[in-house]
Amino acid sequence: VGTTFGFMTHAMAMPAMPDVLSRYGGLQAGRALALALALWMLQALPYALAALASAWFRAREEASDPSGWLVLPLAITASTALTPQLFPWQPGALLVDVPWLLQVADLGGASAVTLCLAVSTSALWELARTHRPRGALVIALGCSLLLPCVYAVHAFDVLHRERAGKTLAIGVVQGNASVADMASQTGRMASLAVLRDLTAQVERKNVLLTLWGEGAFPFELSRARTLQPIDARRVVGGDVAGPVLVGLVSYDARHSYHSAWRIERG
């Protein structure tokens, strides 16, 4: 059940994945579909583990144990946080458009949001399907919904005070380079030229900062570097005034990292 739920959820959330793998990864349609199926199955793993843990516990719990329902929300929170995934998505992301329930991310990251969502929905389900004593379920339901809202009152007050009178003009550019474009030096230089040209256009609108997205800079740079490249790979210079917040891959002697570097003149 957990595997089926996780697989179908991600297949419906990412239906364009075969096309993305075909278009940007250069894969034939059959191979792209096979890889997408494998990806959706990998994304289902946390829900399979959570369902397994819940089923194992329920098979051993006493019929009178009123707390068994908590195993599933706790297992979902733990498994989605700890299981390696290509897209580390958690159910709490479903609340991204409900800011009153989202602010507890300050206290425990995405897992705190997932826990509140999982506890509240599990408590509702238990109230609907069982005739167990309902006091603990009602308390759990109330806490998982009200506590995030109470904290949100504080969080919104802090945010509003910090933001008062502060407005910044930020530019965002995207080059839409494909995997095939990044396979050659010529393609990487062409991608960089597109990003620089777009940045120069955005800067004419008097932005204070221009953002290049995750991994947009098409060359890896050493983490020991303190200056941008001064050759044709430079970001700032010429028509680009900067500053630019650049997404790139940096490396040291042991690892590579997704990084964000702020580059400006000098």
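How does Phe-5 count, at 48% relative accessibility: buried, partly exposed or exposed? Phe-5 counts as partly exposed at that value, where buried means under 20% relative accessible area, exposed means over 50% and partly exposed lies in between, with a 1.4 Å probe and protein chains only. The model is a predicted one, in which local features need pLDDT of at least 70 and side-chain atom pairs count only at pLDDT 80 or more, while totals for chains, interfaces and linings use all residues. Residues are numbered from 1 along each chain as its sequence is written, and side-chain values use heavy atoms, with hydrogens and water left out.

**View 1. The aromatic pair of Phe-5 and Tyr-47.** A search of the whole structure finds four aromatic pairs, a pair being rings of Phe, Tyr or Trp (its six-membered ring) whose centres lie within 6.5 Å, with planes under 30 degrees apart counted as stacked, over 60 as edge-to-face and the rest as tilted. In one of them, the ring centres of Phe-5 and Tyr-47 are 5.5 Å apart and the planes stand at 70 degrees, so this pair is edge-to-face. Because Phe-5 lies in helix H1 (residues 2-13) and Tyr-47 in helix H3, the pair ties together parts that are 42 residues apart in sequence; helices here are DSSP runs (H or I, at least four residues), numbered from the N terminus. Tyr-47, at 6% relative accessibility, counts as buried.

**View 2. The aromatic pair of Phe-7 and Trp-40.** This pair is edge-to-face, at 6.0 Å centre to centre and with 85 degrees between the planes. Phe-7 belongs to helix H1 and Trp-40 to helix H3, so the pair ties together parts that are 33 residues apart in sequence. Both Phe-7 and Trp-40 are buried.

**View 3. Helix H2 (residues 17-25) against helix H3 (residues 29-58).** The two axes, which are lines fitted to C-alpha atoms over the stretch in contact, with angles running from 0 to 180 degrees between N-to-C directions, come within 8 Å and cross at roughly 130 degrees. That makes H2 oblique to H3, since angles under 35 degrees count as roughly parallel, over 145 as roughly antiparallel, 65 to 115 as roughly perpendicular and the rest as oblique.

**View 4. Helix H4 (residues 71-82) against helix H6 (residues 105-129).** These helices pack at an angle of about 155 degrees with their axes 8 Å apart, which makes H4 roughly antiparallel to H6.

Methods: Helix = DSSP H or I, 4+ residues; strand = E, 2+ residues; numbered from the N terminus.
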